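The sequence and structure come first, and the description follows.

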2 protein chains.
Amino acid sequence: MTRPHFGDALTAAMRHKQSQVVVGLDPRPERLPDELRPADGAFGDAPAAAEAIKAFNEAVVEQVAEFAVAVKPQVAFYEQLGCAGMEAYAHAIAVARAHGLMVIGDAKRNDIASTAAAYAAAHLGGADAPFASDFVADAVTINPYLGSDGVRPFLETAAATGRGVFALVKTSNRSSAELQDLDCGGAPLYEQVADLVEEWGAAYRGHEGYSCLGAVVGATYPEELVRLRGLMPHTLLLVPGFGAQGGDLDSVKGAFDADGLGAVVNSSRGIIFAWEQAPYDQAYGPGRWRDAIRAAAADMRGILWDATH
Amino acid sequence: MTRPHFGDALTAAMRHKQSQVVVGLDPRPERLPDELRPADGAFGDAPAAAEAIKAFNEAVVEQVAEFAVAVKPQVAFYEQLGCAGMEAYAHAIAVARAHGLMVIGDAKRNDIASTAAAYAAAHLGGADAPFASDFVADAVTINPYLGSDGVRPFLETAAATGRGVFALVKTSNRSSAELQDLDCGGAPLYEQVADLVEEWGAAYRGHEGYSCLGAVVGATYPEELVRLRGLMPHTLLLVPGFGAQGGDLDSVKGAFDADGLGAVVNSSRGIIFAWEQAPYDQAYGPGRWRDAIRAAAADMRGILWDATH
């Protein structure tokens, strides 16, 4: 493979665009702009909704391409539309790539050994994949609960293909504490997982010092985020929870390294449905939903980059 | 909904068929019978492989329907074939249902709040699903690392639709110990998860006493299995790891309740590729792969049921 290391490629894209922004492509059919919905508001079937989602994603990608380094389609919103939805997922990946955006497939996949390898083939491709899958992205999110033999197949595939993996460490939801904060020998479970992620990824670092194994750490736990940045100095962070989930600049600042790199921040609803939300609802409104999306992405880029450079 | 409670339906199927057997539909393209492969052995593309998988699953379901209570298609093996693979996954569900088998979608999905709800819609349907998804099964496996707000959407959808959920507690792989066995306040993490699963499912028990929230516990850890059966008396167990992964009758006996119910045991490769393995390779061989599959399913049913009744 002549593709560069994932950590180097992501870092280069961040420098080039002066951006740490990831836009979540989480298209909820019921929230698509009126313009893309049938006159009575309700789609007749899943294929009709999937077609509208394709058109919506094309518009979103077009508006945000200048300001974001990557998009992060959330597979759940495609999977709930069955086979037609999965086609729309493949389409989202293709459209984003065509606009020069990297793609992080938010799949949170996990399984053991050869089954994990099948998921890796599905989302990262590689020489061992039986065929070129429609779902191959630049990176994929995974769940680490099964331990190293559930992580290694993803990691090895990522390393061989110039792609990346982000393992859940501390998630942004309220109940993440129920398991992730359990005291395991004096430290919370998520810190143990952080240590494992840093260790698992150690053999896979690029020129920029970051491994192709990254970590997901929610913006909603800013203190933990600072601590985790310190525990995982060679691990790229993917930080969801900015915007709709309550995270703001202060919440996420701790994710970046001294150069303002090493982390990307995701916003989904705050950007793709910006025309419904302050301040963009006043400035644009439903008729100018494309402009609202563009403005929200541009603003997020500026807020984050300016505060860290 | 007039569908019965999932725990009652599964128990009724077990009594009716005198079986605790689940057959894993994990079709690896490279291991399909020669009869279903092109003359040169290699499929030309993913759609061609997906078509062969459909034919293979039809044959497997036909042979095992008399002896198994359910099939468990592993989504990873379909997902790696892209959109064509996901159509084969939907087909596997439909074929199994047509033969009176329950279907446990082995998806190990997980996410938070409204995103978990989208996955629940994808795999369990329900009134909040935007459309009827192609992937709706009788139950789905999930990963509990995100805590209750990642579990509740699945559980509520399952309860409302007469379907089920199996949360990972102690997985069958070697490295499951890395996280799951960490000492959390005097007990391993997996026991803490077991307590949570029993608690989360408490409000959702059927007439037979079992919740629609079950647990996945690997056959490869027999002592832990006994202990977990005790910790989760109202939780159905799904026990993978029988056969190819090394679990045998002695390993899984501890999963059942006093009536020999309350747990189902999965075998994938040991049944669907039986013609390649002792003793079925000698008795049948590649030309009689259907008979080998039938014999392996029948034997597994008898071994488990006779030892527990």
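## The barrel of chain A

In this predicted model, chain A holds a closed barrel of 8 strands in the order E1-E2-E3-E4-E5-E8-E9-E10, with parallel pairing. From one strand to the next, the twist averages 30°.

Strand E1 (residues 21–25) of chain A runs parallel to strand E10 (residues 263–267) of chain A, and 3 bridges join the two; A:Val23 has A:Ser267 as its bridge partner in E10(A).

## Helices lying across the strands of chain A

Helix H1 (residues 6–17) of chain A lies across E3 (102–109), E4 (139–142), E5 (164–170) and E10 of chain A, and runs at about 130° to E3(A). Helix H13 (residues 289–308) of chain A, for its part, lies across E1 and E10 of chain A, at about 150° to E10(A).

Strand E3 (residues 102–109) of chain B is parallel to E4(B) and joined to it by 3 bridges, and B:Gly105 has B:Val140 as its bridge partner in E4(B). Between E3(B) and E4(B) the chain passes through helix H5 (residues 113–124) of chain B, in a right-handed β-α-β crossover.

E4(B) also pairs in the parallel sense with strand E5 (residues 164–170) of chain B, over 4 bridges, and here the partner of B:Val140 in E5(B) is B:Val165. Together with helix H6 (residues 148–161) of chain B, E4(B) and E5(B) make a right-handed β-α-β unit.

Definitions and conventions:
Residues are numbered from 1 along each chain as its sequence is written. Chains are lettered from A and ligands numbered from 1 in the order in which they are written. This is a predicted model: local features need pLDDT of at least 70, side-chain atom pairs count only at pLDDT 80 or more; totals for chains, interfaces and linings use all residues. Side-chain values use heavy atoms; hydrogens and water are left out. Two strands pair if DSSP finds at least two bridges between them. A crossover is right-handed if, with the strands pointing away from the viewer, the path from the first strand over the helix to the second runs clockwise. Axes are lines fitted to C-alpha atoms, for helices over the stretch in contact, and angles run from 0 to 180 degrees between N-to-C directions. Contact means heavy atoms within 4.5 Å.
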